[in-house]
Amino acid sequence: MRHLMNPLDFSVEELDKLFDLANNIEANPAKYAHACEGKKLATCFYEPSTRTRLSFEAAMLNLGGQVLGFSDAASSSASKGESVSDTIRIISCYADICAMRHPKEGAPMVAAERSGIPVINAGDGGHQHPTQTLTDLLTIRSLKGRLGGFTVGLCGDLKFGRTVHSLINALIRYDDIHFIFISPPELKVPDYITDMLTERGIIYREVIRLEDCMPDLDLLYMTRVQRERFFNEEDYVRLKDFYILDKAKLSDAKSDMLILHPLPRVNEISIEVDDDPRAVYFKQAQYGVYVRMALILTLLGIDV
Ligand code: NCD
């Protein structure tokens, strides 16, 4: 039985197969419409989510399966003090596969150790968000035709952003990736990540202003300043509008740069940017459904 805790749980070759399957699903949805008939996906979300939970549910429904679960710790037995280990043992009796989001780093891993069914980490605290990374990689591969040879700018909350941490880990397996980290000093990418990049000889640069690197970027990954991970409101208010990507800032950008965002967006991308052909964040959300369909099929060992 296989779980997905970290994007690196799949080799580059396995990811290629997964993305081929996702592209095939995109081109040919009817072929997969009954692939998971009789199967159930449990979504156990101890932290709020719109996209991740609903895209998992949409993915399973598109495959002809069914879904059950909870979207809030308060409405689960966690509120009575039940451990994730016990919860997953119970969920294993009700469903065939589980997607779990938890505010504590490592909670889905603890669950996986006790689980009788595949567990997918749907985001654990500030740690990892592997299915968002699969979504990001599929979007880049589908729209650019490759995953190597890019200068990637990651902008915003690089300290708490689990999507950023997962994506960096995943991208360094491809050739010729350079990073530019764009953040205020308080929200810098953690040292363990920059140390790892230095150790591996991967080129990166840290800047404070978007304008300082815009012309260099092939991909710009914007992120939200995450209010829920701040210890005090004052710091959040001071930093929340540090970056606002608008048309004027894009005037220096490459004509084929992609603008990605895991969403939800707050103020960091002005809505006037949405119509720019480089803005692909809504397309990205659609790719999130295809890649989760491919992942469910792969973890359940279903061949269509
Ligand atoms: C991200 C998350 O939950 O980490 N969103 C998502 O899954 N699409 C980013 C965020 O909440 O800002």
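**Close-up views of a predicted model**

View 1. Strand E3 covers residues 97–102, and strand E4 covers residues 119–124. The two strands run parallel and are joined by 4 bridges. To get from E3 to E4, the chain passes through helix H4 (residues 107–114), and this β-α-β crossover is right-handed.

**View 2. Strand E3 also pairs with strand E1 (residues 40–45).** Here too the strands are parallel, and 5 bridges join E1 to E3.

**View 3. Strand E3 is mostly covered, with 6 of its 6 residues buried.**

**View 4. The largest pocket holds about 380 Å³ of space.** Its lining is made up of 20 residues, and those nearest the centre are Arg101, Arg162, Arg224, Leu263 and Pro264. Helix H2 (51–62) and helix H6 (162–171) are the elements that each give two or more residues to this lining. Sorted by class, the lining of the largest pocket has 9 polar, 7 charged and 4 nonpolar residues. Domain 1 (7–128 + 286–300) and domain 2 (131–284) each supply at least three of the lining residues.

**View 5. Helix H6 is mostly covered: 10 of its 10 residues are buried.** Arg162 is one of the buried residues of H6, and Arg162 is also among the residues nearest the centre of the largest pocket. Other buried residues of this helix include Thr163, His165, Ser166 and Asn169, along with Val164, Leu167 and Ile168.

**View 6. Leucine 263 and proline 264 are joined by a cis peptide bond, with omega about 5°.** Proline 264 lies in the loop between strand E9 (258–260) and H10, and leucine 263 has its place in the loop between E9 and H10 as well. Leucine 263 has a positive phi, near 65°, although this residue is not glycine. As background, most residues other than glycine have a negative phi, and most peptide bonds are trans. Is leucine 263 buried or exposed? Its relative accessible area is 13%, under the 20% cut-off, so leucine 263 counts as buried.

**View 7. Aspartate 176 is another non-glycine residue with a positive phi, here about 60°.** You will find aspartate 176 in the loop between H6 and strand E6 (177–182). Is aspartate 176 buried or exposed? With a relative accessible area of 53%, which is over the 50% cut-off, aspartate 176 is classed as exposed.

**View 8. The second largest pocket has a volume of about 320 Å³.** Among the 13 residues that line this pocket, Lys17, Leu18, Leu21, Thr298 and Asp303 lie nearest its centre. Two or more lining residues come from each of helix H1 (12–27) and helix H10 (281–299). Which element gives the largest share of this lining? That is H1, with 4 residues. By class, the lining of the second largest pocket divides into 7 nonpolar, 4 charged and 2 polar residues.

Definitions and conventions: Residues numbered from 1 in each chain as written. Predicted model: local features only at pLDDT ≥ 70, side-chain atom pairs only at ≥ 80, totals over all residues. Heavy atoms only, no water. Buried < 20%, exposed > 50% of the residue type's maximum accessible area, 1.4 Å probe, protein only. Pairing = 2+ DSSP bridges. Right-handed = clockwise from strand over helix to strand, strands pointing away. 1 Å grid on protein atoms, 1.4 Å probe; cavity = no way out; pocket = protein on both sides within 12 Å on 5 of 7 lines; lining within 4 Å. Points joined across faces, edges and corners; volume = space filled by probe spheres on them. Nonpolar A, V, L, I, M, F, W, Y, C, P; charged D, E, K, R; others polar. Domains from an automatic or database assignment.
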